[in-house]
Amino acid sequence: MPVYEYEHVFDECEIAGTTFAVVQGIGEAPLEFCPGCGLEVRRVVSQVSVQVRRSTDPEKAAARGFTTWKRSEQGVWEKLAGSGVDVILDPDKAP
Ligand SMILES: [Zn+2]
């Protein structure tokens, strides 16, 4: 599954930083809110959006300052690469 990069619209958060990346399916709707802090985020237009067949490597994203999280279960995001916290728990959705 491809990695999509996001940035916080107004502010950064201590959990995900200003920019972060998540692993999502092609058909999945873009995130509107940060899983870490709940603030508004927008998807960064990158080569992922332009070249659908090529997905961003989490390690390459980390080299460009992005941290990548993957949703492992409902409300739980585990870090794949980059700086930042290892796990994000969404208090509204985590079991
Ligand atoms: Zn955040």
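This is a predicted model: local features need pLDDT of at least 70, side-chain atom pairs count only at pLDDT 80 or more; totals for chains, interfaces and linings use all residues.
View A. Strand 4 covers residues 67-73, and it is joined to strand 2 by four bridges, with the two strands running parallel.

**View B. Strand 1 beside strand 2.** Strand 1 and strand 2 run antiparallel, and five bridges join them.

View C. In the chain as a whole, buried residues make up 26% of the 95 residues.

**View D. The largest nonpolar core.** This core has 15 residues, and those with the most contacts inside it are Val3, Tyr4, Tyr6, Phe20, Ala21, Val22 and Trp69. Strand 1 (3-8) and strand 2 (19-23) each supply at least two residues of the core, while the largest share, four residues, comes from strand 2. In soluble globular proteins, nonpolar side chains tend to be buried together.

**View E. The chain from end to end.** The secondary structure of the chain comes to two helices and six strands, and, read from the N terminus on, the elements follow the order β-β-β-α-α-β-β-β. Of the contacts in the chain with a separation of 6 or more, 43% are made by residues 24 or more positions apart.

Technical notes:
Residues are numbered from 1 along each chain as its sequence is written. A nonpolar core is a set of buried Ala, Val, Leu, Ile, Met, Phe, Trp, Tyr and Cys residues joined through C-beta atoms within 7 Å. A residue is buried if 20 or more other C-beta atoms lie within 10 Å of its own, exposed if 12 or fewer, and partly exposed in between; C-beta atoms are placed from the backbone. Two residues are in contact if their C-beta atoms, placed from the backbone, lie within 7 Å. Two strands pair if DSSP finds at least two bridges between them.
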